[in-house]
Amino acid sequence: MRRGYALGSVATGTFGTVPGLLLLPYLTDSLGIAAVVAGFIVFVPKAWDVVLNPIAGRISDRSSSPAGRRRPFLLKGGLALAACFALLFAGPTGPPALAGAWVVVWFLACATAYAFFQVPYVAMPAEMTLDYAERTTLMTWRVAVLALAILLSGATAPMVVNAFGGEETAKGYRFMGAYVAVILAIGVYGAWRGTRDAREHRVETAAGSLRDQLRLVSAMPDFRVLLVTFVLQAMGVGAMLGGVAYVSDDLLDSDAASTILFAAFVAPALLVTPLWERYAEGRGKKSGYLIASGFLVVGSLVLFTARADHAVVVYLAAAIAGVGYAGAQVFPMAMLPDVAAHDAATSGENRIGVYTGVWTAGETLGLAIGPGLFALALAIGGYVSSTDHTAVQPDSARTAIAVGFSLVPAALIAVSTLFLRRYSLDDLKAIREH
């Protein structure tokens, strides 16, 4: 059950990574779209999920399918996502207005399909087990697979673009879109098939309208502080992802640096994720989340040194941030089911889908705002968009890349810990046990 459920992270990790990593440079450097407009294009379709995800959660809450409350959505939504993603990079390359419109339409379609996969998928752990520690174990498996998926897709997608693109980079992006679509489909089918025997502890679906449920969910203080923390950190990670290609090309002066930098950030999760689980068992999830966030802040700050003659330091800094990133995935993913299940046990009503709908909407919004902030930094720094990669960037643009890639994420993550300190559910659990 644990491994089957974890396979869904192949889809969430891939779709959460590749657009954030490649869509912005595709728009600015392949389609020649200005940085501010490109940032808007990246932001708007994902912002749509802020509206859609709670609706998707409510729909899955009310599902009465004999195949399970959530599972049917995994297959339908996930396969639709794979098809839409292949089309996202298969459009015209000009004029820029037409090319940009194509991206908006199909990215919006991707976001819609993803909502109906991601929200039911994230809701499942709260119904699969009632055990506090077991949810952490589920998330440990999930984050391990998530790290592998991010590493595979994030490291190989740029390689596919370069291998098949040559001077005609749009061709490489088309091959990449088809390649990533296959990865998405494999993960979706694996999660659907692998959870066929999972238990489902059903709670009565909450009465009232979606607006009523959203009001009740937003009134939960632990959920509010956890959500704000996670969204701020998603914004920081999104800004870092959006900057990888620019740091590699303009600061590290190496095509291979993109893959190395990304691997340095993600690979530590494969080693430290089980250690974070052990920490949670002995010290609690909130404490672990705070420490993991500290690693993220320190690593992000050191990344400001990104220059070709500091490459080793940059890769080590990315690894430090990666240690924190692993924990910053394990802990909140394990804490969200705790909050939702605590509410269900207290009220006797199932609002788990609404919780996860709001949660995933916030995550998606954060991952959309992050590249938007990075694009804004590029615009302020005077970044020169082009279609042939021959533009010479001014020093102000290079500084803007470094700031958007390092200092902006560090500030966002540091601020998030101020909210996290107000989370109390771990403390309440300790009181009950003693």
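This is a predicted model: local features need pLDDT of at least 70, side-chain atom pairs count only at pLDDT 80 or more; totals for chains, interfaces and linings use all residues.
Helix 11 runs over residues 268–283, and its 16 residues reach 21 Å from the first C-alpha to the last, which is close to the 22 Å expected at 1.5 Å a residue. Step past the end of helix 11 to Gly284, the residue that follows, and you will find a positive phi, near 100°.

Next, select helix 2 (residues 8–30) together with helix 9 (residues 221–251), which pack with their axes 8 Å apart and at an angle of about 50°. Because of that angle, helix 2 is oblique to helix 9, and the crossing of the two is right-handed. To display the contact, pick Gly16, Thr17, Gly20, Leu21, Leu24, Pro25, Thr28 and Asp29 on helix 2, and Leu241, Gly242, Val244, Ala245 and Tyr246 on helix 9. Coloured by residue class, this contact between helix 2 and helix 9 divides into 7 nonpolar, 5 polar and 1 charged.

Finally, move to helix 13 (residues 311–347) and helix 14 (residues 352–381), whose axes cross at roughly 145° and come within 9 Å. The crossing of helix 13 past helix 14 is right-handed. Here the contact is made by Pro332, Leu336, Val339, Ala340 and Asp343 of helix 13 with Ile352, Tyr355, Thr356 and Trp359 of helix 14. What classes do the residues of the contact of helix 13 with helix 14 divide into? They comprise 7 nonpolar, 1 polar and 1 charged.

Definitions and conventions: Residues are numbered from 1 along each chain as its sequence is written. Side-chain values use heavy atoms; hydrogens and water are left out. Axes are lines fitted to C-alpha atoms, for helices over the stretch in contact, and angles run from 0 to 180 degrees between N-to-C directions. Helices (H or I, at least four residues) and strands (E, at least two) are DSSP runs, numbered from the N terminus. Angles under 35 degrees count as roughly parallel, over 145 as roughly antiparallel, 65 to 115 as roughly perpendicular and the rest as oblique. A crossing is left-handed if the near helix is turned anticlockwise from the far one by less than a right angle, and right-handed if clockwise. Contact means heavy atoms within 4.5 Å. Ala, Val, Leu, Ile, Met, Phe, Trp, Tyr, Cys and Pro count as nonpolar, Asp, Glu, Lys and Arg as charged, and the others, Gly among them, as polar. The expected span of a helix is 1.5 Å times one less than its number of residues.
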